[in-house]
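Hi everyone, thanks for making time for this.

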Amino acid sequence: MHHTKRSGTLILIAIAIGTWILPGCDLQREDVKKELVQDLEKAAEDGRLQQGLRSITNAWQGSPASGNPNNAPGAPARVPQAYSQSPTPGQVPGQLVSTAAPAATPLGVPPRSPQTILIASFNIQAFGEKKIGVPATAERIAAIINCFDVVAIQEVRALDQSVIPQLIQYINARGARYDFILGPRLGRTSSKEQYCYIFDTSRINSGQNASYTVDNRADLLHRTPLVARFMTRVPQGYRPYSFSLIDIHTDPDEVKLELPVMHTVLQAVREYEWSTAGEDDVILMGDLNAAPKIFGNLGKVPNIYWTIRDQPTNTRRTQCYDNMLFDGILTNEFTGRAGVLDMSTMFGISIDEALKISDHNPIWAEFTIIEQPSASGTAPSGSPPATYSAANPYGMAPNQPAYNDGQNVR
Amino acid sequence: MRRTKIRDRSARPPQPYLKVHTMPSCDSETLEKCVQDPEYASAHWEVLIEGVASSDESILEPATEALENCGVLNSTALPKLKALLESNSRAGLGSQKLYWLCTLAGRFGKQASGLQGLVTEIATDRSLGLSARERAAWCLTEFGTLESQYAEALKRSAADAPDRLKRLMELAMGNAAIA
């Protein structure tokens with residue numbers, strides 16, 4: 001990783017809202033790194049992590065191989081090349097992770113594994129006091145989140161800022177240790193929405209100070225994306241997988257205006273993450289209100305890969321709204337497994353009952369828990385070209401996660 | 001013995017002064033149904049429009065959510081939309097309601113292009129909230145056509161409009177060229 005020391009970066013990079021924006025992202029990165037190292041050392045010292053890894057590894061190695069159940073015929077091949085170079089925790093050196101897949105659950109979501117993490121996106125339709133006030137609904141939402149290591153949430157709608165802490169109580173009720181990052185209230189009407197990340201602190205490190213809102217001075221998006229940085233917790237000697245997530249919920253009425261700028265959002269954040277933190281794994285995820293066939297320029301970003309191809313992601317199973325996109329070459333931590341978690345199947349309930357949870361099903365994807373070697377030391381292909389800053393009509397300095405409307409707004 | 005005369009009420013002619021406009025109420029049951037069933041929400045859009053102006057979060061949030069998801073209304077709703085957007089009734093509506101009325105109008109696309117005069121008035125009315133004006137301008141972009149006098153009005157207003165509003169107005173003016 002390389003670090004670009006720039007004073008006052010924050011003033012330039014983001015709309016400062018609340019206390020969760022720090023006055024310097026490179027400084028905050030150093031702090032996060034220091035904290036991570038301390039946490040990892042502590043985890044390695046107490047030996048619990050390795051013990052757990054060993055017991056699960058035995059079961060893992062006996063599992064049958066499986067392919068990617070998500071990829072449609074003709075989809076780009078997802079065979080990570082670098083796995084044999086760097087064994088994941090508990091893995092026999094030389095063994096390919098992708099050929100030792102765990103048995104799939106009836107839901108298609110792989111069980112939690114010491115070698116991989118599961119990242120999900122979930123639009124919990126109008127999540128507020130009402131939903132958290134119904135224990136059955138809150139418990140189901142918690143059960144869903146418990147399936148994953150990191151969940152990017154859309155549509156937190158509540159004046160009462162205790163709804164997410166209340167949800168965390170449900171999630172942690174059985175001893176889990178999840179935490180959250182909550183974004184600012186966003187929206188053009190009196191009804192506001194918040195993005196949120198919920199992550200399992202026993203496997204993932206992050207914090208409020210590792211997040212920022214993308215610059216939206218030009219007001220191109222109704223709900224400005226929330227970016228957060230994460231890093232896996234791994235035993236000593238392993239290189240943690242670090243990644244940045246962009247949580248987005250487009251305005252369904254303005255998809256035609258917002259989708260055409262989405263590729264610049266992705267590229268601007270990638271450029272910023274690379275230049276300030278050496279981060280090459282940037283994943284844009286959320287409710288795009290759009291199927292891949294209308295991605296336009298977002299779908300043409302070099303090496304772009306999206307995990308949901310033709311599956312419906314809404315609870316009624318009629319539309320593909322949600323997705324997860326990243327560089328298919330650089331993010332070679334992706335194991336090839338991804339999909340949609342059908343809530344009605346998970347809980348054995350009718351679609352009408354599932355709709356009480358949300359009108360969206362969660363989507364998920366699996367990644368290795370360690371950073372893969374080929375991803376380091378390489379600038380993100382498809383990152384903004386040298387002319388990017390000069391072409392930026394909003395006068396932003398280089399390396400800022402601002403985006404432009406290019407020539408794609410009709 | 002005095003006999004009580006039973007009157008047949010059903011036979012009485014309707015009396016105008018007794019007429020009450022019955023708007024379904026924003027009760028939680030209706031709102032809940034609207035959130036879960038877009039078709040139901042579409043049929044109860046007037047209730048939802050009332051709901052978005054509420055300061056009560058338990059009404060505002062589900063009403064907003066339901067309007068976001070209810071899709072295109074039945075075309076029979078157009079005259080009512082027009083009546084609400086007309087200046088006489090518009091005064092008391094407020095920005096929140098206007099925002100959503102313009103959203104619903106815009107979803108009709110070309111079918112609602114007859115409302116372009118009314119919507120242009122909203123887009124160019126500086127006394128209204130910016131979000132309502134922006135949504136009105138967005139609505140004009142959805143109509144796919146714009147008569148020249150409205151394009152002129154937009155052009156005048158766009159000159160000193162905030163960035164986003166200006167951008168949307170310019171997009172709408174593009175429709176005038178197409179028309």
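Of the 410 residues of chain A, 52% count as buried. Keep in mind as we go that this is a predicted model. In chain A, contacts with a separation of 6 or more come to 74% from residues 24 or more positions apart. The secondary structure of chain A comprises ten helices and 13 strands.

Let's turn to a sheet in that chain. Six strands of chain A make up an open sheet with mixed pairing, and the order is E3-E4-E2-E1-E13-E12. Which strands are at the edges? They are E3, residues 178-182, and E12, residues 334-340, both of chain A, and each pairs on one side only. From one strand to the next, the twist averages 20°.

If you go to the E12 end, you'll find E12(A) paired with E13(A), residues 363-368, in the antiparallel sense, with four bridges between them.

Most residues other than glycine have a negative phi. A:Ala126 has a positive one, near 45°. This alanine belongs to strand E1 of chain A, residues 116-127, and A:Ala126 counts as buried because it has 23 C-beta neighbours inside 10 Å, where the cut-off is 20 or more.

There is another non-glycine case to look at: A:Arg317 has a positive phi of about 60°. A:Arg317 is found in the loop between strands E10 (304-306) and E11 (322-327) of chain A.

Over to chain B, then, and how it meets chain A. The contact involves 20 residues of chain B and 18 residues of chain A. On the chain B side, helices H1 (28-36), H4 (57-69), H7 (94-108), H9 (130-143) and H11 (163-178) each contribute at least two residues. H4(B) gives the largest share, with nine residues. Sorted by class, that side of chain B has six nonpolar, eight polar and six charged residues.

One last stop in chain B: helix H10, residues 148-158, whose buried residues are B:Tyr150, B:Ala151 and B:Leu154. Looking down the axis of H10(B), those buried residues fall within an arc of 100°, so they line one face of the helix. Turned away from that buried side, H10(B) carries the exposed residues B:Ser148, B:Gln149 and B:Arg156.

That's my tour, and I'm happy to take questions.

How values were computed: Residues are numbered from 1 along each chain as its sequence is written. Chains are lettered from A and ligands numbered from 1 in the order in which they are written. This is a predicted model: local features need pLDDT of at least 70, side-chain atom pairs count only at pLDDT 80 or more; totals for chains, interfaces and linings use all residues. Two strands pair if DSSP finds at least two bridges between them. Axes are lines fitted to C-alpha atoms, for helices over the stretch in contact, and angles run from 0 to 180 degrees between N-to-C directions. A residue is buried if 20 or more other C-beta atoms lie within 10 Å of its own, exposed if 12 or fewer, and partly exposed in between; C-beta atoms are placed from the backbone. Two residues are in contact if their C-beta atoms, placed from the backbone, lie within 7 Å. The arc is that of the directions from the helix axis to the C-beta atoms. Ala, Val, Leu, Ile, Met, Phe, Trp, Tyr, Cys and Pro count as nonpolar, Asp, Glu, Lys and Arg as charged, and the others, Gly among them, as polar.
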